[in-house]
Structures are given as C-alpha cells and as structure tokens.
Amino acid sequence: MGAAASSALTRLRFALPASAQPRAALLGAAALGLAAVAALGAAAWSTRGRRWRRRRHRRLQQVGTVAQIWIYPIKSCKGVTVNEADCTEMGLRSGRLRDRFWLVIKEDGHMVTARQEPRLVLISITWDNDQMTLSAPDMKDLVVPSIQPSTNAIRNCRVFSVDIQGRDCGDEIAQWITSFLKSETFRLVQFETHMMGRKSKEIFQPFIQNYQVAYPDCSPIMMISEASLSDLNTRLEKKIKMEQFRPNIVVTGCSAFEELVTGHICLTLSWLCCRCIMTTVDPDTGIITRKEPLETLKSYRLCDPAEKHIYKTSPLFGMYFSVEKTGSLKVGDPVYMITQ
C-alpha cells in the first residue's frame with residue numbers, strides 16, 4: 001500500500017444525494033480499499049461544501065450485498081449474528097444487545113482479552129428476551145441480565161491505557177468466568193450509556209474523527225469483505241474462518257480489499273485495521289499459535305514505510321468506521337461503489 005493511497009483512504013466519506021435515494025431515509029455509502037482509493041483518491045476534498053457539490057455528480061455501481069452482521073456483546077467472547085441492527089454512534093445494537101458493551105477485567109480493573117486468555121473465545125452467547133446466556137465447555141449455562149442492579153458497584157477500568165467505567169455484573173458471574181479460565185480472579189463489567197466512553201482522540205494519534213466507544217479496540221464499526229478473506233486463504237496452508245477477524249459487517253460480491261457498505265446509515269472511514277496476535281487464536285479450540293495468519297499477512301499487507309509511525313509493523317486487514325448518520329442495517333442490503 002502506498003503512502004498517498006492510505007493517506008487518502010483515511011479521509012474518504014460518501015453519502016447518496018437525495019435525488020438518488022432508493023429509500024425514504026438517507027442511504028449512506030462508504031467506500032474503502034486499495035482499488036477504491038486508486039479510483040477515488042481525488043475525492044478527498046478540502047471543504048464540506050465542495051464535497052457535497054461533487055457528490056451530486058457521482059453514480060452508484062452495485063457490486064455486492066451485506067452478507068453478515070455480527071455483534072460481540074462481551075469483548076473477546078463469541079459473536080452473535082443478527083439479520084438486522086441499528087447502527088448507532090457507539091456501534092451496532094439490536095434491542096438491548098450492544099456491541100462490546102461488556103468487558104472481562106482483572107480485580108485491578110485492567111481489561112482481559114483473548115490476547116491474554118485465549119479461551120475467552122470459547123464462551124458463546126445466546127440472546128433471548130433481553131437477557132444474555134453464557135455457555136462454555138464443561139460449564140453450566142449462566143444468565144446475565146441485560147440491566148444490572150443500580151446497587152452493583154461501578155468499577156474503574158483500563159482499556160488500552162485509557163480509563164473507562166463499567167457496572168460490575170456480580171459475584172456469580174465473576175465466579176463463573178474465573179472457574180472457566182482457571183488462571184486468576186476475573187470480573188465482568190457492563191458499560192452504561194450515561195457513562196463516558198473512550199474518546200477517539202485518546203485512541204488515535206493523529207486525531208481523525210470525534211466519536212466515543214465503549215470497549216471496542218478502536219472504533220464503532222469494523223468491516224471486511226469475503227473476497228479479502230478468500231484472497232488470504234489462497235496463501236495459507238490451513239484455511240481460517242471470518243470469525244478469526246471479528247468484523248461487525250461482512251460484505252460479499254466485492255473484489256479483495258474493495259470493501260463497501262450501504263444502508264440507512266452513513267459511515268466515515270476512521271483507520272485501517274492493524275492486526276495482532278488476537279488473529280492467531282483459533283475460535284473453535286481457544287488455542288493461540290502466535291503465528292498464522294499473522295505471519296502471512298505481514299508478507300503482503302504491511303503499510304508503506306512512510307507510514308510506519310502510524311501502523312508500525314502490524315499488517316493491515318479490514319477497516320474501522322465511525323458513524324456519521326445513524327440508522328438501520330440489514331443482511332441483503334445492496335453494496336455500492338461510488339463512481340464518477
């Protein structure tokens with residue numbers, strides 16, 4: 001990836017003009033990927049007025065559809081697939097089911113993810129009647145209410161060196177997670193909407209957009225195309241699943257790294273997704289290898305040397321988005337590329 005291409009990529013933002021709306025609500029479109037940058041790099045205009053004027057002269061070319069929508073209630077645990085979700089400023093929501101609004105922590109408040117405890121990925125979640133049921137190998141199912149009692153303590157937590165709060169989910173849940181992981185004492189906390197989220201300026205340097213998140217790594221939405229995974233799998237001896245990359249939105253019908261999405265929303269690209277040892281955790285076994293697919297990604301998905309101060313030595317796979325216009329998103333929604 002060239003420096004000019006990835007720099008332009010971080011500034012791209014698109015929305016359908018009213019004259020081209022196929023629905024009553026504004027249909028947003030966000031284009032990303034190497035080919036999109038090559039074709040539309042000149043579209044990163046300097047003023048909002050010029051951007052909107054030029055958008056009127058652009059056309060939509062349908063290239064695929066939204067294939068999957070994933071919500072990961074507890075950070076690092078298994079995701080829940082949904083057919084439809086609200087795309088809020090803090091990520092995907094289906095009823096009270098929220099993306100990464102629950103977090104496993106140590107007693108001192110520091111987050112715990114599958115990087116440290118890879119067997120977290122074996123905890124599966126069922127959501128029914130606005131309550132969460134946890135399941136794991138050799139463990140009895142446990143119900144977690146979607147709303148915690150106000151008498152439960154609010155804990156100060158630490159997520160990637162940024163302070164954030166969470167409501168403690170109680171001793172029974174803490175004991176269940178601790179018994180399953182069998183390493184040290186852990187607790188589960190829940191983010192509540194009145195709490196202050198982690199600000200983008202605390203996460204990204206340099207500062208890109210102004211938004212907040214609860215416990216996701218970087219931004220409200222992460223997206224990958226099926227073609228990008230297929231391209232990676234042609235280079236791997238052992239094929240891997242999409243679940244290993246934990247995207248919120250999976251799109252199909254696009255070429256590799258041409259990842260786009262539309263719906264009753266408008267998304268703004270925040271950052272390219274830097275990949276770490278989390279991708280080497282097998283979602284079916286909970287075993288971490290610290291090798292593949294990370295080593296293969298490093299062979300062809302590193303940033304331009306001029307941008308090493310941003311991405312360092314991490315390979316790039318997937319895209320992070322902030323939410324410019326909230327709305328609903330469905331499996332089967334058309335996927336567009338914006339062209340001249």
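**Exercise 1. The largest pocket**

Task: In this predicted model, find which element gives the largest share of the lining of the largest pocket, and describe that lining.

Solution. 
- Step 1: Start with the space. The largest pocket holds about 870 Å³.
- Step 2: Go to the centre. The lining has 34 residues, and the closest to the centre are Phe 160, Asp 217, Cys 218, Cys 274 and Tyr 320.
- Step 3: List the elements that give two or more residues. They are helix H5 (200-203), strand E20 (266-274) and helix H8 (308-311).
- Step 4: Pick the main contributor. E20 gives four residues, the largest share of the lining.
- Step 5: The lining divides into 17 nonpolar, eight polar and nine charged residues.

**Exercise 2. The second largest pocket**

Task: State how many residues line the second largest pocket, and which lie nearest its centre.

Solution. 
- Step 1: Count the lining. There are 17 residues, with Lys 238, Ile 240, Gln 244, Asp 282 and Glu 292 nearest the centre.
- Step 2: Sort them. Six are nonpolar, four polar and seven charged.

**Exercise 3. Glu 192**

Task: Decide whether Glu 192 is buried or exposed, then find polar contacts of its side chain.

Solution. 
- Step 1: Locate the residue. Glu 192 sits in the loop between strand E14 (186-190) and strand E15 (198-199).
- Step 2: Apply the cut-off. Buried means under 20% relative accessible area. Glu 192 has 14%, so it is buried.
- Step 3: Look for partners. The side chain of Glu 192 makes a polar contact of 3.0 Å with the side chain of Arg 167. Another polar contact, of 2.7 Å, joins it to the side chain of His 194.

**Exercise 4. Gln 175**

Task: Classify Gln 175 as buried or exposed.

Solution. 
- Step 1: Gln 175 belongs to helix H4 (residues 171-181).
- Step 2: Apply the cut-off. Exposed means over 50%. Gln 175 has 53% relative accessibility, so it counts as exposed.
- Step 3: Check a spacing. Gln 175 and Leu 188 are 13 residues apart along the chain, and their C-alpha atoms are separated by 9.7 Å.

Notes
Residues numbered from 1 in each chain as written. Predicted model: local features only at pLDDT ≥ 70, side-chain atom pairs only at ≥ 80, totals over all residues. Heavy atoms only, no water. Buried < 20%, exposed > 50% of the residue type's maximum accessible area, 1.4 Å probe, protein only. Polar contact = N/O pair within 3.5 Å; in protein donor to acceptor, adjacent residues only side chain to side chain. 1 Å grid on protein atoms, 1.4 Å probe; cavity = no way out; pocket = protein on both sides within 12 Å on 5 of 7 lines; lining within 4 Å. Points joined across faces, edges and corners; volume = space filled by probe spheres on them. Nonpolar A, V, L, I, M, F, W, Y, C, P; charged D, E, K, R; others polar.
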